[in-house]
Structure formats: structure tokens, C-alpha cells
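Reader: I'd like to learn how to read the features of a protein model, one at a time. Could you walk me through this one?

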Amino acid sequence: MCRHIAFLGPSSPLGRILVDPPHALLRQSWAPRRQRHGTVNADGFGVGWYAEGDPAPARYRRAGPIWGDLSFADLARVVRTEALLAAVRDATVPGADNEAAAAPYAAGPWLFSHNGAVAGWPRSLAPLAAGLPAVEVLSMEARNDSALVWALVLNRLRAGDEEGQALADTVLEVSRAAPGSRLNLLLTNGDTIAATAWGDTLWYRAGPGRSTVVASEPYDDDPHWVEVPDRTLLAASRTDVLLTPLKEPDEAARPVDDTTTPSPALGPARPGGPASSKEPPA
């Protein structure tokens with residue numbers, strides 16, 4: 001359905017993260033190794049990145065495949081950043097939105113991507129769309145499921161919700177309205193990353209030099225990549241990664257034992273934990 005990646009770390013050319021690794025996002029556009037739905041991600045791509053001193057990210061998006069864009073090859077070679085979010089797209093339903101439908105979506109300091117599909121779209125989410133402020137619906141960049149999911153997340157962010165909470169609550173709300181949806185969401189503000197694993201693959205790697213990569217799948221065979229369990233919220237900075245289980249919608253009303261100790265597998269990963277002994281490509 002898509003592949004996406006977010007990076008926080010030392011200043012690096014875009015290409016060192018998105019092009020140079022042996023199984024980078026560029027290669028995942030035609031030969032993903034772990035994608036569960038779809039085979040080729042050629043229905044558009046985008047990359048968003050942060051420039052020093054500017055909290056609002058820049059974006060470059062196109063409707064065609066990433067491998068055919070020579071301008072992106074130049075851009076990736078010379079543009080440097082300490083934070084980015086990028087995605088390649090396999091459209092669920094054919095549409096006319098072209099590059100407007102390609103992630104990342106953006107507003108204020110945030111970049112967002114959705115890997116997955118909403119079951120029963122668009123009818124299933126009509127009640128949720130009706131609950132949004134009209135300006136949020138009218139401001140949607142595209143007419144696809146990902147754009148509406150982003151509108152739901154953004155409405156929560158603008159109301160003051162923390163990034164991880166906004167993603168978690170949106171996933172549970174959409175899953176209630178459209179059971180069977182795949183909702184791997186990815187969000188960054190340039191300083192932190194929040195993501196959900198809900199129906200497709202998600203991995204992270206915490207490397208030396210205050211760097212963290214969160215991606216649909218590893219871009220190389222470094223053994224320090226860690227797979228995120230399904231139904232999990234990830235919250236990461238340049239130095240820490242925290243995983244929190246997400247309840248299924250029908251579990252939300254069940255009592256929770258606050259004395260339960262979280263599983264070590266879902267605890268924070270810190271320097272000295274899963275980290276590469278080699279310098280990361282980024």
C-alpha cells in the first residue's frame with residue numbers, strides 16, 4: 001500500500017537515507033522486501049525535510065514513480081537535513097489527485113504519512129468526516145482515505161493533543177468506524193517521531209550519534225533493526241524509542257490493571273540498547 005520512513009539525526013544528504021542504502025526507499029518503490037499488500041509503489045512519492053532555523057518543513061512531491069524523477073536525484077544529492085519524512089505510494093483506489101495525494105501531508109511543523117487503507121472507504125468514514133470542522137474538510141489536500149485520516153489527526157493536534165496521543169486516538173476511532181483497516185501512521189515535527197503499527201510492518205533503528213530511523217522496513221541488513229509489534233504506538237526522539245501497546249477498539253472499555261509491569265519488549269530503547277556498532281547511512 002505504501003512504504004514510508006522518518007529520520008532524526010546529524011545533518012545528512014537526503015540521498016544517504018533515501019537512495020544510497022541497498023534497500024532504501026528508492027528500491028522499495030519497485031522491490032519492497034516486507035510489504036504485505038501490493039507489490040509496486042509507483043503511484044507517486046514525496047519527501048519532506050527541515051532546514052536549519054525554519055520550523056516549517058519543505059516538501060517535494062510528484063505523481064509518478066520516484067525512480068523516474070531526475071530532479072529528485074539531484075535534490076537528494078545536495079539537500080541536507082537533520083530530520084525528514086518520505087514515502088512512496090501504491091494507490092488503493094485510482095484517483096485524479098496526482099501529487100496532492102502523495103505523502104507527506106503537511107501543516108505547521110508537522111509531516112504525516114499513512115501506510116495502509118481504510119476499509120469501506122469512503123462510506124465508512126462519512127460519520128467521522130461530518131464531525132470535523134467544515135474548514136478541516138474543505139482544506140483537505142486530496143480526496144483519498146489518507147487525507148481524511150490526516151484531517152482527523154490534525155484536528156486533534158490543533159486541539160492541543162500530544163503527537164502520539166493524536167495518532168493513537170485516531171487509529172482507534174477509525175478502526176471502530178471501519179474494522180479491518182490498516183493504519184500504519186507516521187508523524188514528525190522535526191524533533192520527535194510518532195508512529196503506529198496497525199496492519200502492516202514497522203521497524204526502527206536507534207543508532208550512534210543521536211540518530212533514529214523509523215521505517216516500514218529496514219533499508220539494509222544491519223542486525224540492530226527492531227521490528228515493532230502490531231497494534232503498537234511508537235514515540236521516538238534522537239536518543240530514545242518508547243513502544244506502547246494499543247488496545248483493540250472492543251478492549252477499550254475493559255478495566256486496566258495499573259499495577260501490571262510492561263513487557264520488556266515494549267519498553268524504551270536507549271543508547272546502549274539496540275544500536276548499530278557501525279555508522280548508519282544517515
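Author: Gladly, and let's begin with strands. Helices (H or I, at least four residues) and strands (E, at least two) are DSSP runs, numbered from the N terminus. Two strands pair if DSSP finds at least two bridges between them. In β10, for instance, V214 is the bridge partner of Y204. A word on the source: this is a predicted model, in which local features need pLDDT of at least 70, side-chain atom pairs count only at pLDDT 80 or more, and totals for chains, interfaces and linings use all residues. Residues are numbered from 1 along each chain as its sequence is written, and side-chain values use heavy atoms, with hydrogens and water left out.

Reader: How many helices and strands does the chain have?

Author: The chain has seven helices and 13 strands.

Reader: Which strands pair with β10?

Author: Strand β9 (residues 203–207) pairs with β10 in the antiparallel sense over five bridges. Strand β1 (residues 2–13) is also antiparallel to β10, over four bridges, and there F7 has V213 as its bridge partner. β9 and β10 form a hairpin with three residues between them, and G209 in the turn has a positive phi of about 75 degrees.

Reader: Is β10 buried or exposed?

Author: Buried means under 20% relative accessible area, exposed over 50%, and partly exposed in between (1.4 Å probe, protein chains only). Five of the five residues of β10 (residues 211–215) are buried, so this strand is largely enclosed by the rest of the structure. S211, V213 and A215 point one way, T212 and V214 the other way, and all are buried. For the chain, 53% of the 282 residues are buried.

Reader: What covers the faces of β8, and which strands pair with it?

Author: Burial tells us that both faces are covered: I193, A195 and A197 on one side and A194 and T196 on the other are all buried. β7 and β8 pair in the antiparallel sense over three bridges, with T188 the bridge partner of I193. Their hairpin has four residues between the strands, and G190 in the turn has a positive phi of about 95 degrees. β12 also pairs with β8 in the antiparallel sense, over five bridges, and here A197 stands opposite T232.

Reader: Which residues have the most contacts inside the largest nonpolar core?

Author: In soluble globular proteins, nonpolar side chains tend to be buried together. A nonpolar core is a set of buried Ala, Val, Leu, Ile, Met, Phe, Trp, Tyr and Cys residues joined through side-chain atoms within 4.5 Å. The largest one here has 34 residues, and F112, W150, V153 and L167 have the most contacts inside it. Helix α6 gives the most to this core, with nine residues. Apart from it lies another core, of 23 residues, among them I17, Y60, V88 and V213.

Reader: What does L167 touch?

Author: Contact means heavy atoms within 4.5 Å. Not counting residues up to four places away in sequence, L167 touches F112, V153, L185, L187, A194, A195, T196 and L233.
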